[in-house]
Amino acid sequence: MDEKKVMLSGIQPSGDLHLGNYLGAIKNWAARAEEFECYYFMADMHTITVRQNPADLRRRTLEQLAQYIACGLDPEKNTLFIQSHVPAHAELGWVLNCYTMFGELSRMTQFKDKSAKHKDNINGGLFTYPALMAADILLYQPDFVPVGEDQKQHCELTRDVAQRFNHIYGDVFKIPEPYIPKAGARVMGLTTPDTKMSKSIPEGCVFLMEKPEDIQRKFKRAITDSDTERCVRFDPANKPGVANLMNIYSAVTGKTMEEIEAEFDGQGYGKFKPAVGDAVIECLRPIREEATRILQDKAYLESVYKAGAEKASYVANKTLRKVYKKIGFVAR
Ligand code: TRP
């Protein structure tokens, strides 16, 4: 009997993973599987609320799956799947649409933001997306849903919808708790040390799949500071660029700030920046090589997402059957 608590998270395959994603979050996910029964899925159905290039979406979905595995998410220990491969998501999504209020959906800040940004494509899916997300979650009866700040409101809504449903039909859904993950390193942009590393500022963003020479070039161009002392000292308020590089170096080498200060004592930034670059390159090398290998091994990747979808479907369909019965659909 497996008595582990269940955890589930969806990942939008909408961009390339970067060092901030890795050191800030993904790096810690491998260890979760020891404590929790974990489900992760590529939320391809969610991405089409915004227009996608079909070839890119297909490629990104597989690339991201390969990258997560390479980052340590072991498919033997986690259930990894693609959302659209488990039809129960769409099926329960429809049902929950009918138990989610127009007013509730209207209050979602992500809808307001996205509809302001894509004025030419304010489609129904963008509006009802939280009902699909509620279905994603409730199908697996998870105890926890790890959430970032931007998804808190959707998780709240999921709880409200689940409670509303349970109130009418009895205990069908477990009410999930948000799970605030242990914070990893907070990685800032290499050219913008006051804002988080983001793919929207590519000069300051190190992607997991980037070539070593490109990574090194970005570190050499990283912003440090303009003071005259030019020494490697941890002072986030006055030297945010240096502090960010030290944070990164510390995260990839395990060294403390004191050790780093001692290592580069009296050497200026000319030695420090490429040393951080080299350490990051070595940290990412096995991930990049493994992700590349997995992507080339189509049969392996397929076996992972097929097995994942099968396992996920089994659990999801159990919940779906219960729901269909409760609401009065005739059993197949
Ligand atoms: N909405 C999430 C995001 O934009 C992705 C997501 C979809 C998700 N379904 C989910 C996250 C279920 C957690 C649980 O990042």
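Visitor: In which crossing does α7 pass α8, left-handed or right-handed?
Guide: This is a predicted model, where local features need pLDDT of at least 70, side-chain atom pairs count only at pLDDT 80 or more, and totals for chains, interfaces and linings use all residues. Residues are numbered from 1 along each chain as its sequence is written, and side-chain values use heavy atoms, without hydrogens and water. A crossing is left-handed if the near helix is turned anticlockwise from the far one by less than a right angle, and right-handed if clockwise. For α7 passing α8, the crossing is right-handed.

Visitor: Why does α7 count as roughly antiparallel to α8?
Guide: Angles run from 0 to 180 degrees between N-to-C directions, with axes fitted to C-alpha atoms over the stretch in contact. Over 145 degrees counts as roughly antiparallel. Helix α7 (residues 109-117) and α8 have axes 10 Å apart and pack at about 160°. That angle therefore makes the pair roughly antiparallel.

Visitor: How far is a polar side-chain atom of Y129 from a nitrogen atom of the ligand?
Guide: A polar contact pairs N or O atoms within 3.5 Å. For D136, a side-chain N or O atom is 2.7 Å from a ligand nitrogen. For Y129, the distance is 2.2 Å.

Methods: A polar contact is a pair of N or O atoms within 3.5 Å; within protein, one must be able to donate a hydrogen and the other to accept it, and residues adjacent in sequence count only if both atoms are side-chain atoms. Helices (H or I, at least four residues) and strands (E, at least two) are DSSP runs, numbered from the N terminus. Angles under 35 degrees count as roughly parallel, over 145 as roughly antiparallel, 65 to 115 as roughly perpendicular and the rest as oblique.
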